[in-house]
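User: I would like to go through this model by question and answer. Please keep it brisk.

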Amino acid sequence: MSWKLLSKYRSELMGLACLWVMLHHNSFDWPISLDYLRRFALYGNLGVDLFLLLSGVGLCYAWSKNPKLSDFYARRFVRLLVPYLIFALPYWVWRDLYLHQGDFLLDLTQLSLPLKGVITTWYVPAMAAMYLCYPLIARFLFTGERWTRTVVLCALVMLPCLWLAYERVEIYRNCEIALTRFVIFIIGCALGQSVKDGQQMPAHYPALGLLWIILNCVFRRHVSPGDVWIRFSYIPLCLSAVVVLCWLLERLEHCAGLRKLLRFFGERSLELYLTHVLIRNVFYHYIPVKAFDPWGILTYALILLLALFVSVLLHPVITKLCGALVARKESV
């Protein structure tokens, strides 16, 4: 196995992460017969860590191809902000101006995340901050001993998070969902060079990753660490998961249908994330969670289908619009 597999199966991994996050965002009561699926869904926020790890890897490729700062920022921010405005602008109009449940300008600009802890679309400002920081991160990581500098940079992020968690609890609660994820993003940036160079992965890594996943699950069933430590425990768990998933996908390479389906979700992951979160909130405002069954499973399935329909419908439009905006900027 090679770290190159993270690039080879990037879309499939993004698709798996997207499905896992959407399963995690459920609001229904699980039947006892589905308890193992419920436990699996509880770890769904790990899908976000997978997204950010792969984003860091992808940025390494993008930066090496075109390190011109204006072009780098234009491509990243257009691809992030165009879908955000298309999906979130109508939502914030409905929620803040029609229902009067928030501050429209704060929500639209995402300042409501650090100021009020509104996490509805927190991934967008978090990703924007990571895009802004990437050139500085890359310059620091790749001008010396990469992994030593990675450890130093991760520590510089973790220490303020720990201080906020214990000394400034309200500030930490408002934005911990984004702040703590910077660590896995930085690791992804560093790992991107290993992926790009096609470095070999030690043969025992998949087995070691699977063992860590099992131990983590057992540990979490019997011990409840603080929230900040749970977040940081996802760092080795995410690395273990991505290694095991690459190992599995390599052995399922002949399953073209499965890989195509996962790529389908992976290529639309941002649109799916936004639509399913926003449609879910609107849906539950008007329709009870358990409108169609005693658990609320059918209601949530309907939300997912509606989100899938909207994201698939608008994905080509968003892709063309983003391409046109980037091309216009680069032609200036």
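Analyst: Helices (H or I, at least four residues) and strands (E, at least two) are DSSP runs, numbered from the N terminus. This is a predicted model; local features need pLDDT of at least 70, side-chain atom pairs count only at pLDDT 80 or more, and totals for chains, interfaces and linings use all residues. Residues are numbered from 1 along each chain as its sequence is written, and side-chain values use heavy atoms, with hydrogens and water left out.

User: In which helix is leucine 215 placed?
Analyst: Leucine 215 belongs to a run covering residues 205–222. That run is helix α12.

User: Is leucine 215 buried, partly exposed or exposed?
Analyst: Buried means under 20% relative accessible area, exposed over 50%, partly exposed in between (1.4 Å probe, protein chains only). Leucine 215 has 46% relative accessibility. It is therefore partly exposed.

User: What is the accessible area of the nonpolar surface patch with Leu215?
Analyst: Like charges are joined within 9 Å, nonpolar side chains (Val, Leu, Ile, Met, Phe, Trp, Tyr) within 5 Å. Areas come from the Shrake-Rupley method with a 1.4 Å probe; for residues, only the protein chains shown count as cover. Tyr205, Leu208, Leu211, Trp212 and Leu215 together have about 460 Å².

User: Which helices do the buried residues of α10 pack against?
Analyst: Helix α10 spans residues 169–179. Its buried residues are Tyr172, Asn174, Cys175, Glu176, Ile177 and Ala178. With contact meaning heavy atoms within 4.5 Å, they pack against α7, α8, α9, α11 and α13.

User: Which residues does glutamate 253 contact, leaving aside neighbours within four places in sequence?
Analyst: Glutamate 253 lies in the loop between α13 and α14. At 36% relative accessibility, this glutamate counts as partly exposed. Its contacts beyond those neighbours are Lys8, Tyr9 and Arg259.

User: How are the rings of tryptophan 20 and phenylalanine 40 arranged?
Analyst: Rings of Phe, Tyr and Trp (its six-membered ring) pair if their centres lie within 6.5 Å; planes under 30 degrees apart count as stacked, over 60 as edge-to-face and the rest as tilted. The whole structure has 16 aromatic pairs. For tryptophan 20 and phenylalanine 40, the centres are 5.0 Å apart and the planes at 10 degrees, so the pair is stacked.

User: Which helix has the lowest confidence?
Analyst: pLDDT is the predictor's confidence in each residue, from 0 to 100. The protein chain averages 90. The lowest mean is 82, in helix α3.

Technical notes:
Patch = residues over 30% accessible without salt bridge, like charges linked within 9 Å, V, L, I, M, F, W, Y side chains within 5 Å. Salt bridge = Lys/Arg side-chain N within 4 Å of Asp/Glu carboxyl O.
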